[in-house]
Amino acid sequence: MSDIRKRQEIELDVTDMAFGGRGLARIDGLAVFVDDAVAGDRVRARIFKKKKRHAEAKTLEVLSPSSDRVEPACIYAAHCGGCKWQHLSYEKQLFYKTLQVGEALEHIGGIEGVSVLPALASPRAFHYRNKMEFTCTDSRWLLPEELANPDVIKDAAIGLHVPGAFDRVLDIHECHIQPEMASPLLNFIREEILASGLPMYGLRSHEGFWRFVMLRHSLIDDVFMVNLVTKEADESILKPMAERIRTAFPKVCSVVNNVTRRKAGVAIGEEEILLSGEPAIYDAIGSFRFKISANSFFQTNTAGAEKLYGKVAEYADLKGGEKVLDLYSGTGTIPIFLSEKASEITGIEIVESAVADARENCLENGVENCRFLLGDMKDVLPALDIQPDVIIIDPPRAGMHPDVVSRILVLAPERMVYVSCNPATMARDLAMMHKDYEVLEVQPVDMFPHTFHIEAVAKLRRRQG
Ligand SMILES: C[S@@+](CC[C@H](N)C(=O)[O-])C[C@H]1O[C@@H](n2cnc3c(N)ncnc32)[C@H](O)[C@@H]1O
């Protein structure tokens, strides 16, 4: 057993990428998870945690870089929690994401021999995110090169968090995963906010006015929504500001203000005020248009969503007459996408506004064979009198409640499609159904380039006899 100690500096050969995005090295059988390292690197690192079976270390210096390393596009990449894998080639990101889906099925689910196809690449490796949420703070986290600059404003930042630190916010001036025009738009809004005379929010004090700047983009119409999230309403300041934003950026067709006095760091307001333009934007997946309000859930990679839903359609293999259940239906995008291929689709969703959006999206698209039920899955599903031919499941990161799994096994559809943004909970849920359902194939789909996150779609068929 290794005798390494906490705070020890050590040279490590990183041989693999671990679940969660860190490099993995081994010393005398001890697994060492290494921040900011890539498989193939030799690094000098400092141990900051030591447990019986594993240790955690932070890279201090890359002594010999892996051939898979690339120069990050972003100057904040080494410090920002947004993209942890920008220094890894996109090809290798896809390779490790595929591997991690297979490993989760095997090690967490105990499901062996499943065909996991190579991850489908995102149609765009950069500029793919249609929604970004920037935090406002009165205490800016400085980059090493900013520390020595006396002119840097220290009591204001609008940006993204340092990984794992709720109160450390970098002042971000350029973000490469959002649409190109979003960075100048954010910088214009920053200048407006700094000139407003109203204070930034303190993430510890919970005092201050400006809380978040959220930008949403429609790929199909190439227009933006700006959502200014504040602690108080102040239309005398915000309305003229919204007009100036729209004059400077004519592609901004909507500026709204969400007001929240809650301490929790979420950008959803208790009250929403339309400041200028339209109350919502629209985007398309396939031939369908979807309304997106400031707080609607919508897949964050629009072009990627089309690939994802294409795979769902392929695995659902609908012939036209089936009754389909769509569990965790959000704003109804999957049911509407599949509506032409099924006889009827029932979506179930816990968020009231999402169900309202789903119904409205059906009206907008002339879809008449989808209905949506509101409530917690574990309450709604048992009360439902329906014999589905196919069930589509797209749960939140935490996966399914065991009661929901039990109910699904009683409903016993012939085919199921399981969509997940968390391979670990997917593996756990599929394991619970594995006695009754064979996992025929799994397709990872990369919706989140430069992060270690991966979406996956599994095709399930009921076992005979
Ligand atoms: C990953 S999203 C899927 C949304 C949708 N399928 C899509 O592609 O846009 C998961 C959804 O599950 C909903 N949800 C979370 N917990 C739930 C529960 N206990 N019962 C019903 N829906 C729930 C969330 O509100 C969210 O809309």
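Q: Let's say two residues are in contact when their C-beta atoms, placed from the backbone, lie within 7 Å. What covers the buried residues of H10?
A: This is a predicted model, to be clear. In it, the cover over the buried residues of H10 includes helices H1 (90-108) and H9 (402-411), plus strands S18 (415-420), S19 (437-445) and S20 (455-462).

Q: And which residues of H10 are buried?
A: Helix H10 spans residues 423-433, and its buried residues are Pro423, Met426, Ala427, Asp429, Leu430 and Met433. As a general point, an α-helix has 3.6 residues a turn, so residues three or four places apart point the same way.

Q: S20 came up there. Is S20 mostly covered or mostly open?
A: Mostly covered: of the eight residues in S20, six are buried.

Q: How does S20 run against S18, and how many bridges join them?
A: They run antiparallel, with six bridges joining S18 to S20.

Q: Let me zoom out. How many helices and strands does the protein have?
A: There are ten helices and 20 strands. The radius of gyration is 24 Å, close to the 23 Å that the globule rule gives for 465 residues, so the protein is as compact as a globular protein of that length.

Q: What does the C-alpha trace span along its principal axes?
A: About 75 × 65 × 35 Å. Buried residues account for 45% of the 465 residues.

Q: What share of the contacts joins residues at least 24 apart?
A: If you take contacts between residues at least 6 apart in sequence, 62% of them join residues at least 24 apart.

Q: Where is phenylalanine 19 found?
A: In the loop between strand S1 (9-17) and strand S2 (23-27).

Q: Why does phenylalanine 19 count as partly exposed?
A: Because it has 17 C-beta neighbours inside 10 Å.

Q: New topic: which strands form the open sheet, and in what order?
A: Six strands, in the order S7-S6-S8-S9-S10-S11, with mixed pairing. Strands S7 (157-159) and S11 (271-277) stand at the edges with a single partner strand each, so one side of each has no neighbour in the sheet. From one strand to the next, the twist averages 20°.

Q: How do S8 and S9 pair?
A: In the antiparallel sense, over eight bridges, with S8 covering residues 210-218 and S9 residues 223-230. Histidine 217, for example, has phenylalanine 224 in S9 as its bridge partner.

Q: Which strands does H3 lie across, and which does H4 lie across?
A: Helix H3 (182-195) lies across S6, S7, S8, S9 and S10, running at about 155° to S8. Helix H4 (235-248) lies across S9, S10 and S11, at about 40° to S11.

Q: Last one: how many residues surround the ligand, and which are closest?
A: 17 residues, the closest being Tyr328, Gly330, Ile350, Met377 and Asp394. Helix H6 (333-338) and strand S15 (344-349) are the elements that give two or more residues to that shell. By type, the shell divides into ten nonpolar, four polar and three charged residues.

Technical notes: Residues are numbered from 1 along each chain as its sequence is written. This is a predicted model: local features need pLDDT of at least 70, side-chain atom pairs count only at pLDDT 80 or more; totals for chains, interfaces and linings use all residues. Helices (H or I, at least four residues) and strands (E, at least two) are DSSP runs, numbered from the N terminus. The radius of gyration is taken over C-alpha atoms; the globule rule is 2.2 Å times the number of residues to the power 0.38. A residue is buried if 20 or more other C-beta atoms lie within 10 Å of its own, exposed if 12 or fewer, and partly exposed in between; C-beta atoms are placed from the backbone. A residue is near a molecule or strand if its C-beta atom, placed from the backbone, lies within 6 Å of it. Ala, Val, Leu, Ile, Met, Phe, Trp, Tyr, Cys and Pro count as nonpolar, Asp, Glu, Lys and Arg as charged, and the others, Gly among them, as polar. Two strands pair if DSSP finds at least two bridges between them. Axes are lines fitted to C-alpha atoms, for helices over the stretch in contact, and angles run from 0 to 180 degrees between N-to-C directions.
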